[in-house]
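Hi,

Here is the structure I said I would pass on. Have a look at it first, and then read my notes below.

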Amino acid sequence: MDDAFDIPDPTDWLETPLKDFSPLENSLHCDICKEFYDTPMITSCCHTFCSKCIRTCLSANGKCPSCQAADQASKLRNNCIMQTVVEQFLVARPAALDVARKEQQVGEQAKKPGKRKRTVLDSDDVAQEERSGRMTRRKSKRIAASQTSEPETIEIEDSDAEDGDEAYAPEKEADDGLMECLFGCGKRIKPEEMDTHLDRCEQEKREASKAKSRTPVNITNHRPPAAPDKPAPERISELNVSLLNDKKLRQKLEDAGIPSWGARQLVIKRHTEWVNIWNANCDSGGKKSQRELLRDLDSWERTQGGRAPNQNGPSSSIMRKDFDGVGWASNNRQDFSRLIADAKRKKSNPSAEQPATKAVDMVDAEPQSANGVHMDGSDDLRPQPLSDQKHHLPDDNEQPDRSYENNAEALSSIRDKVEATNEGRHYEPQINAGFEPATTNGDHDPTTSTEAPTTTPVGVEHEALLLSSHWGSTRKDEHLSAHLPSSPVKVPMFAVPARPFSDVDGGNVS
Amino acid sequence: MTSVASKRLYQEYKHLTTDPPEGITAGPVSEDDLFVWEAIIAGPEGSPYEGGVFPAELKFPKDYPLMPPSMRFLCDLWHPNVYTNGNVCISILHAPGEDPNHYEQASERWSPIQSVEKILISVMSMIAEPNDESPANVDAARMWRERRPEFEKRVKADVRKSLGL
């Protein structure tokens with residue numbers, strides 16, 4: 001739970017030398033959700049809250065939570081500067097916190113010299129643990145985690161890191177008669193050149209910070225206003241439910257693309273929530289897709305809406321800590337043993353059912369597709385049947401897999417079919433075992449078979465092409481053949497699937 | 001699955017564990033369910049309740065923080081603003097729309113900007129300074145108003161009993 005919910009908190013600052021950052025961070029928090037402002041909006045009474053939070057409150061009772069003044073969601077305005085401040089604070093926070101914690105450890109160690117063997121025990125966690133008896137296990141874990149996980153963010157030399165001036169001051173004492181740049185760019189300049197340098201330095205710094213800040217800002221929130229390719233979504237208004245009868249109300253929800261089931265009261269609540277979710281997204285410039293918004297609505301549905309767990313007792317979706325596993329097992333012993341037996345039976349003969357039904361399907365499919373398709377004889381277009389390896393046809397002559405080579409029966413059946421298709425007559429699939437080997441040393445010539453398409457109607461050829469690509473993908477499923485029985489089965493060599501298939505690549509099927 | 005309510009409750013829990021106000025401890029009874037908390041309030045110094053430890057249960061609604069939690073003491077607490085069944089009657093726990101006694105300022109009542117911490121601090125100060133304008137426990141209120149020494153004696157006896165002394 002700790003890891004899943006590791007939230008930055010103002011109390012993180014309290015035990016560091018920068019404890020004044022705690023109220024600062026607190027003031028960047030929304031008073032409703034107690035988290036950093038997300039799309040802050042300012043009310044008519046000049047209070048600021050997250051867009052979603054204040055919209056939810058106003059839709060519930062139409063009053064500002066801070067001062068109880070009446071207000072309307074339509075009067076909310078973006079508090080853009082607060083948004084920027086929060087974003088920038090979040091960018092600066094990890095490094096600043098790291099510096100503060102380092103500083104604090106240094107201070108701690110200086111305070112108690114020689115009390116223990118520092119060389120051995122000089123671990124950050126130990127120092128942390130010792131310093132504060134009140135610290136919880138969770139916190140020390142978190143501190144340790146943050147120290148191990150982001151050591152690279154420590155930038156002690158950065159004078160912007162609120163480190164205080166005392167650590168910085170001694171460095172100024174250098175006897176070369178030069179002054180360090182007041183903006184902290186690190187350069188040393190003659191005092192008389194300082195003014196011109198400062199102008200330039202300031203300019204550079206501003207540009208650098210602009211470039212630096214652009215990335216994080218874009219990641220967290222801002223979309224450039226009015227992106228030309230995607231117009232900002234428009235806000236929707238709340239329904240005047242008293243004017244709508246049940247049917248019309250549900251229709252409205254369906255029009256909006258949200259579920260319309262449940263009692264009237266629930267439907268109204270759901271629509272209100274949807275309006276809030278939607279408009280909050282509008283406030284943020286539409287950074288979420290409709291799919292994400294629907295997911296948000298669904299999560300509302302599961303926590304507060306129609307599918308919320310019963311108010312009494314813990315939610316049913318979570319297993320209780322004191323769940324009586326033994327009791328449950330004994331109560332349901334019968335069901336469990338039946339399931340186990342089922343699974344064991346399936347495991348012992350995995351090939352029994354599935355492939356058999358497949359073979360039957362293929363045979364059943366045969367009569368409908370018997371016309372025309374069999375004439376396709378060209379080797380590269382030939383579909384690979386889902387049968388035993390022995391019946392695989394060569395894709396081309398380079399193919400190393402020639403398992404059919406010594407199988408006279410298979411070879412004969414292949415030749416039979418090739419001849420049949422070359423002559424343009426229908427080939428009647430039969431049980432392969434019933435075939436007599438016709439010629440044992442007749443060479444299989446792929447060039448002869450390539451002539452076949454000339455006799456094939458164009459549509460059929462096209463279909464065959466699609467077919468081959470279709471089979472091509474299934475051919476990779478080599479494991480399928482392992483499940484098939486090794487005895488010859490009634491599988492037609494030139495079958496098309498019973499169902500028409502759609503071209504997933506997006507090409508047009510004529 | 002995290003709802004707005006559970007996220008905020010977790011945030012408050014974290015805040016209360018790292019920086020608890022004096023004399024107050026609170027947290028979910030079980031990590032499986034963030035909507036039921038137990039709080040322990042120490043009797044305020046300088047009041048007859050001093051030295052006592054009062055456990056209470058907080059139950060949060062699904063639409064917290066829009067709606068306030070309910071609070072009930074799990075021990076006997078002889079107090080004008082605590083019902084005999086332990087339920088606490090305090091304005092901060094009353095939803096904005098409801099005002100059972102028609103005397104509360106809207107600003108005193110629940111609003112989403114309040115928090116568990118503020119509730120518990122309010123309850124602590126309520127324990128120290130009963131409000132007898134709208135008593136939940138009329139007998140206790142009358143005793144508090146008319147026979148203060150007896151009231152204090154009874155409370156102190158309760159505290160000692162609860163501590164097993």
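Before the sheet, one definition: two strands count as paired if DSSP finds at least two bridges between them. Keep in mind that this is a predicted model.

With that in hand, chain B has an open sheet of four strands in the order E1-E2-E3-E4, and the pairing is antiparallel. Strands E1 (24-30) and E4 (70-73) of chain B are the edges, each pairing on one side only. On average, neighbouring strands of this sheet are turned by 25° against each other, ignoring direction. E4(B) is joined to strand E3 (residues 53-59) of chain B by four bridges, in the antiparallel sense.

Helix H1 (residues 4-18) of chain B lies across E1 and E2 (33-42) of that chain, and runs at about 30° to E2(B).

Further along, B:Cys89 sits in the loop between E4 and helix H2 (116-128) of chain B. An unreviewed UniProt entry annotates B:Cys89 as "active site". Its relative accessible area is 9%, so B:Cys89 is buried.

Now the cysteines: how many disulfides turn up over all chains? A search of the whole structure finds zero. A:Cys30 is in none, and its nearest cysteine sulfur, that of A:Cys50, is 3.8 Å away, whereas the cut-off for a disulfide is within 2.5 Å. A:Cys30 counts as buried, at 1% relative accessibility. A:Cys33 is in no disulfide either, with the sulfur of A:Cys50 as the nearest one at 3.7 Å. A:Cys33 is buried too, with a relative accessible area of 12%.

Cheers

Technical notes: Residues numbered from 1 in each chain as written. Chains lettered and ligands numbered in written order. Predicted model: local features only at pLDDT ≥ 70, side-chain atom pairs only at ≥ 80, totals over all residues. Heavy atoms only, no water. Helix = DSSP H or I, 4+ residues; strand = E, 2+ residues; numbered from the N terminus. Axes fitted to C-alpha atoms, helices over the stretch in contact; angles between N-to-C directions. Contact = heavy atoms within 4.5 Å. UniProt positions renumbered as here; feature names shortened; annotations may be inferred. Buried < 20%, exposed > 50% of the residue type's maximum accessible area, 1.4 Å probe, protein only.
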